[in-house]
Amino acid sequence: MQALPPNAALISIDVQQAFDDPAWGRRNNLDAERHIATLLAAWRASGRPVFHIQHRSASPAGRFQPGTPGYALKPEAAPLPGEPLIVKSVNSAFIGTDLEARLRAAGIDTLAIVGLTTDHCVSTTTRMAGNLGFATFIVADATATFERTGPDGQHFSAELMHDAALASLHGEFATVVWTKSLVGGLKAIPKETTEE
């Protein structure tokens, strides 16, 4: 069970419809969105802050163009009123956005990161979070990625890409955890009471 401070923020990255396109190839961890929804519900119930990241393609031919179905966030990860939605156009959610400024202003120093894809935007954001000094957790079963082909034509399965990305982050940029551990460590923040 991973205990978290009262203002630890959940960062949900690029859980967008474009990743349902079969052109990406085979994906690992088809339960990632279910785990993301579980974490969002638990985070909200505990009163902790949630931040949503949405990718916008820099190229007009990109799959993440505003106004297209692929740009939309999946229902499991849709923001609730009052939850910040930050749009980025590169792999890191910290570059070209005010994410760091928002976190610092709120006194947040602990992050839990979920989303798509493990070895691209999730990894890049996690590395930067660690370098910026945040205590960072990446949730193994609430992230996923796709199979890849290397420059020499070698095939790498989605599972291998996912596991290698997590292994390279753990212990240096972040701590790898699982949904069950985080949910178990969340305790509702007591609401302030006033005497009559």
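What share of the contacts in the protein chain with a separation of 6 or more comes from residues 24 or more positions apart? The figure is 79%, with a contact meaning heavy atoms within 4.5 Å. The model is a predicted one, in which local features need pLDDT of at least 70 and side-chain atom pairs count only at pLDDT 80 or more, while totals for chains, interfaces and linings use all residues. Residues are numbered from 1 along each chain as its sequence is written, and side-chain values use heavy atoms, with hydrogens and water left out.

The protein chain holds 5 helices and 8 strands, taken as DSSP runs (H or I, at least four residues, for helices; E, at least two, for strands) numbered from the N terminus. Starting at that end, the order is β-α-β-β-α-β-α-β-β-β-α-β-α. Along its principal axes, the C-alpha trace spans about 70 × 35 × 30 Å.

As for the inside, 46% of the 196 residues are buried, that is, under 20% relative accessible area (1.4 Å probe, protein chains only).

Leaving out residues up to four places away in sequence, L111 touches A9, I11, F94, L103, A129, F134, A135, T136 and F137.

Methods: Buried means under 20% relative accessible area, exposed over 50%, partly exposed in between (1.4 Å probe, protein chains only).
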